[in-house]
Amino acid sequence: MDNYIVSARKYRPSTFRSVVGQRSLTTTLKNAIQNNKLAHAYLFCGPRGVGKTSCARIFAKTINCLTPTADGEACNGCESCNAFNEQRSYNIHELDAASNNSVDDIRSLIEQVRIPPAIGKYKVFIIDEVHMLSPAAFNAFLKTLEEPPHHALFILATTEKHKVLPTILSRCQIYDFSRISIADMVEHLQYVATSEGATAEPEALNVIAQKADGGMRDALSILDQVVSFTNGTITYQAVIDNLNVLDYEYYFRLTEAILGGNVRSAIIILNEILSKGFDGQNIITGLASHFRDLLVCKDESTLVLFEVGASIKERYRTMAQQCTDPFLYKAIELANSCDLNYRVSRNKRLLLELTLIQLCQLTQPVEAAAKSPTIDPIQGNQQGAQQVPPPTPPAPVGNPVQQPQAGYQPQQAAAIPPGGRTITTQVPPSADRIPEGPPATPPKKVARIPRIGASLKEILSTKDEQVTGDGQQQAGPQQQMANPFAQDDLIREWNTFAGTLDKDMTYLKNIMINCKPVLKENHLFEISVYNPEQQDELGKHCIRMLTFLRTRLQNSFIQMRVRMTERDEKKLAVTATEKYSHLANVNPLLNKLKDEFNLMLD
């Protein structure tokens, strides 16, 4: 059996040119070598598998090369390079800080630093996972790291820079390695697959690159696994089957069901995905990413953000044309909310299904809800008007509150007193204007039976109608009354209504006792209250009150206006003269005392 070497080791970079995805860093290191401007300590930090240790080894080999090339690369032919390639060089020392993190290990390293190199110019010490050193080991290493011998050079590598002491960071040149892009990774994977005699579809390599999450070592390990599974023929279907990756096809099917508003089809597709063993959170995060990719594909300027194969990109572009921007915005928001709530949900599957139902409803036309009439504010108010629910029309006095008609001018509130403010709530009349007398001809209503799906306003309007036993409709008495009444009549009926209230409405009863109505012109009366709570309570029961008053006073045109007055009058302090005058009135002898001693008031 031949000695098999995994691709991550076999194709490990040996020159700066072969490092994938870190062009700016390798260029900086090559220029530093060519210009002979080497620091005594470097810190390479970044995610796993992006080339930190490989670059450290290449850098160590290059600075000791006896005959470097013109572009700053090692020659790989001199004794120093051969010793490094054969792993017998005494100039390069690697230390794993994860297992050698004590003070004694650092002291042993310091002893080796004192010995000059046998071949080459520098003795390089590569400390991998340096953040694993103990605080005592870091402190023991500080002095040597700050002032090493001229032949010593340190390269520290870590995946967690935030765990390294600031005193160590300040002594090093820091190089931040970035994740390798999907395009660079696919290109390198294609090169490795060709070198190994395997054939690979671009979409399959793209899935491997996305699964590796920016780490080349992970990508090469996955490639070896897939090659073993497919015997050298790497297809997209084989990759998603071997890696248990959710196929794009499921997301396209879900999107088609959502765009069609087909809830049942979307739930069936979800069940199919779950039956294959996929985790629910991975499904919803993948769906959120899918909607994000659709949004990216809608514009050519953002298409560069979408890193997939050409065939899949074209399918995304076609699907994106069927989706509107508002739909995608809301879909991403719903999927993200589901992802956030998934871990705390007790019924995780129901949460996924509910999210799909909400997504399917995004494309359905929303029926306009019936607008309830409101209480319009008086012009010049300093606060918003109070909402009043739609009234139930009484019989026979008619509908007490209607939506204000065009041309109606509401009554103006009283002048705002000094130091206070007035907030008025207006109950609009049921006609275009407030009538000053009875109408010439009472309006007639056409009797009808409420249809299925009728609005609340239509249903309420049928209360004035009667249906006989045989289904025939009969119109009830609809005559409107406009009998005049005085302030005393209004107060009498107001108190009568307050007396009919039961114990559950004590608060309203107290308001009516303390706040009496004042009759204005055109059958309009006004109530002044002292706080918003009283205003809300009267607004809540205004329909019932108006119905009672209209019936008792035999006037169908009575309207009510609620005004809230807040008085914040400032009282000036009493002066000394006013105090003296008050005391002198109480005791006149004070004036005699003042005159005898010639006292003066300040």
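**Close-up views of a predicted model**

Both arginine 561 and glutamate 526 are buried, a term that stands for a relative accessible area under 20%, while exposed stands for over 50% and partly exposed for the range in between, with a 1.4 Å probe and protein chains only. This is a predicted model, in which local features need pLDDT of at least 70 and side-chain atom pairs count only at pLDDT 80 or more, whereas totals for chains, interfaces and linings use all residues. Residues are numbered from 1 along each chain as its sequence is written, and side-chain values use heavy atoms, with hydrogens and water left out.

**View 1. Salt bridges of glutamate 526 with arginine 561 and arginine 563.** The side chains of arginine 561 and glutamate 526 meet in a salt bridge at 3.0 Å, N to O, where a salt bridge is a side-chain nitrogen of Lys or Arg within 4 Å of a carboxyl oxygen of Asp or Glu. Arginine 561 belongs to strand 13 (residues 559–567) and glutamate 526 to strand 12, so this pair ties together parts that are 35 residues apart in sequence. Helices (H or I, at least four residues) and strands (E, at least two) are DSSP runs, numbered from the N terminus. Glutamate 526 also forms a salt bridge with arginine 563, with the closest N and O atoms 3.7 Å apart. This second pair links strand 12 with strand 13 across 37 residues, and both glutamate 526 and arginine 563 are buried.

View 2. The structure holds 26 salt bridges.

**View 3. Strand 1 and its partners, strand 4 and strand 5.** Five of the five residues of strand 1 (residues 41–45) are buried; Ala41, Leu43 and Cys45 point one way from the strand, and Tyr42 and Phe44 point the other way. Strand 1 runs parallel to strand 4 (residues 152–158), to which five bridges join it, and parallel to strand 5 (residues 173–176), to which four bridges join it; two strands pair if DSSP finds at least two bridges between them. The bridge partner of phenylalanine 44 is alanine 157 in strand 4 and tyrosine 175 in strand 5.

**View 4. Aromatic pairs.** Rings of Phe, Tyr and Trp (its six-membered ring) pair if their centres lie within 6.5 Å, and planes under 30 degrees apart count as stacked, over 60 as edge-to-face and the rest as tilted. By this rule the count comes to 14 aromatic pairs. Phenylalanine 44 and tyrosine 175 form an edge-to-face pair, 5.6 Å centre to centre with 80° between the planes. Phenylalanine 44 lies in strand 1 and tyrosine 175 in strand 5, so the pair ties together parts that are 131 residues apart in sequence. Tryptophan 494 and phenylalanine 525 are likewise edge-to-face, at 6.1 Å and 75°. Tryptophan 494 is in helix 19 (residues 487–499) and phenylalanine 525 in strand 12 (residues 524–529), 31 residues apart, and both are buried.
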